[in-house]
Amino acid sequence: MRGVTLKTGEAVPALGQGTWHIGDRRDRRKEELETLRLGLDLGMTLVDTAEMYGEGAAEELVGEAIRGRRDEVFLVTKVYPHNASRAGVAAACARSLKRLGTDRIDLYLLHWRGSVPLRDTVAGFQALQRAGHIRHWGVSNLDVDDMEELSGVPDGERCVADQVLYNPARRGIEFDLLPWCDRTRTAVMAYTPLEPDRLARNRALQEIAARRGVAPLQVALAWVLRRPGVIAIPKASRPEHVRQNRAAADIVLGADDLATIDAAFPPPQRKRALEML
Ligand code: NAP
């Protein structure tokens, strides 16, 4: 599978696994665990979670899924903005490590911007990195102006990734944030790359899918993955879905497919405020 090289030189898979709402339902636990492990078997070894998801339930489930396989995984989790002070990130990280059953997080993200000054959060992340509790840090839901501000605080340029909403129906970042991230070698992690409610029944995606004998959401995922430097983290809790998602990483869309998508979802011609879910 294609990789994305972080600015630190480490390569991670371009296709990972999301976990929002995983771990919410006891009766789905077995299948969710099997699905996550199947994803690892298929090479989707980047796993994205957050302390927010099920208030720790998703991290616990991820911890169980990766037990005995920790070294295969690039583990991403996120801290709530209200925990993002220097002391707060240390405490939140310790709780996440415990739930995840590991001694290190590979990438620790600020979930969205809150009232804690960015310089305090960065100082907290740097201290966690020096102590070996996290290997890299980044942010989520930060637009260009926030990224510029972040770059200006001490060690702010060490941010390796910005996790943002990106799929064919949410192209705003193509105008400015994606180019900014390309220039600064900041990886873009595309969240909600499938957005089934908006994309599963879209005519253009259906037309391309029919042409290629695949499913419309696989076309959406292949489209997100077409850009170098972009990591996609679809969430699946059923084995057939994770298999389809893995297969989508091998679909190479042609110029005619991209033109069909551009006609249905025109690329941005001016600045749009960053959308968030
Ligand atoms: P998504 O991955 O775009 O869509 C998830 C939905 O798609 C689930 O209902 C899933 O169903 C379904 N699905 C998955 N694969 C499918 C397939 N091949 N065919 C048909 N349906 C399929 O949305 P998301 O969960 O919102 O986003 C992905 C991840 O990004 C999250 O889980 C989370 O880790 C992260 N995220 C981050 C933020 C942030 O603020 N940083 C915000 C939102 C999300 P099943 O579960 O039934 O398989």
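Student: Is N83 buried or exposed?

Tutor: Some words on the source come first. This is a predicted model, in which local features need pLDDT of at least 70, side-chain atom pairs count only at pLDDT 80 or more, and totals for chains, interfaces and linings use all residues. Residues are numbered from 1 along each chain as its sequence is written, and side-chain values use heavy atoms, with hydrogens and water left out. A residue is called buried under 20% relative accessible area, exposed over 50%, and partly exposed in between (1.4 Å probe, protein chains only). N83 has a relative accessible area of 15%, so N83 is buried.

Student: Where does N83 lie, and which residues is N83 in contact with, beyond its neighbours within four places in sequence?

Tutor: Helices (H or I, at least four residues) and strands (E, at least two) are DSSP runs, numbered from the N terminus. N83 belongs to the loop between strand 4 (74-79) and helix 3 (86-100). Contact means heavy atoms within 4.5 Å. Once neighbours within four places in sequence are set aside, N83 is in contact with E51, G88, V89, A92 and R95.

Student: How should I read a sheet, and in what order do the strands stand here?

Tutor: Strands of a sheet pair through backbone hydrogen bonds, either parallel or antiparallel. Two strands are taken as paired if DSSP finds at least two bridges between them. In this model, seven strands form an open sheet with parallel pairing, in the order 3-4-5-6-7-8-9. Strand 3 (46-48) and strand 9 (230-232) are the edge strands, each pairing on one side only. From one strand to the next, the twist averages 30°.

Student: How many bridges join strand 7 and strand 8?

Tutor: Strand 7 (residues 161-165) and strand 8 (residues 187-191) pair in the parallel sense over five bridges. Within this pair, D162 stands opposite V188, and L165 stands opposite Y191.

Student: Which way do the residues of strand 8 point?

Tutor: A187, M189 and Y191 point one way from strand 8, while V188 and A190 point the other way. Five of the five residues of strand 8 are buried.

Student: Which residues touch the most other members of the largest nonpolar core?

Tutor: A nonpolar core is a set of buried Ala, Val, Leu, Ile, Met, Phe, Trp, Tyr and Cys residues joined through side-chain atoms within 4.5 Å. The largest one here has 85 residues, and Y108, L150 and M189 touch the most other members. Helix 9 (residues 216-225) gives the most to this core, with seven residues. Not counting residues up to four places away in sequence, L150 touches several residues, including W137, V139 and C159. V139 is found in strand 6 (residues 134-140) and is buried, with a relative accessible area of 2%. Although V139 and L110 are 29 residues apart in sequence, their C-alpha atoms are 4.6 Å apart in space.

Student: Why do the buried residues of helix 6 line one face of the helix?

Tutor: To judge this, one uses the arc of the directions from the helix axis to the C-beta atoms. The buried residues of helix 6 (residues 177-184) are L177, L178, W180 and C181. Seen down the axis, these residues fall within an arc of 160°, so they line one face of helix 6. They pack against helix 5 (144-151), strand 7, strand 8 and strand 9.

Student: How do helix 8 and helix 9 cross, and at what angle?

Tutor: Axes are lines fitted to C-alpha atoms, for helices over the stretch in contact, and angles run from 0 to 180 degrees between N-to-C directions. The axes of helix 8 (203-212) and helix 9 come within 8 Å and cross at roughly 95°. Helix 8 is therefore roughly perpendicular to helix 9; angles under 35 degrees count as roughly parallel, over 145 as roughly antiparallel, 65 to 115 as roughly perpendicular and the rest as oblique. L205, Q206, I208 and A209 in helix 8 meet P216, V219 and A220 in helix 9.

Student: Finally, what should I note about the phi of R185?

Tutor: Most residues other than glycine have a negative phi, and most peptide bonds are trans. R185 is not a glycine, yet its phi is positive, at about 55°. R185 lies in the loop between helix 6 and strand 8 and is exposed, with a relative accessible area of 55%.
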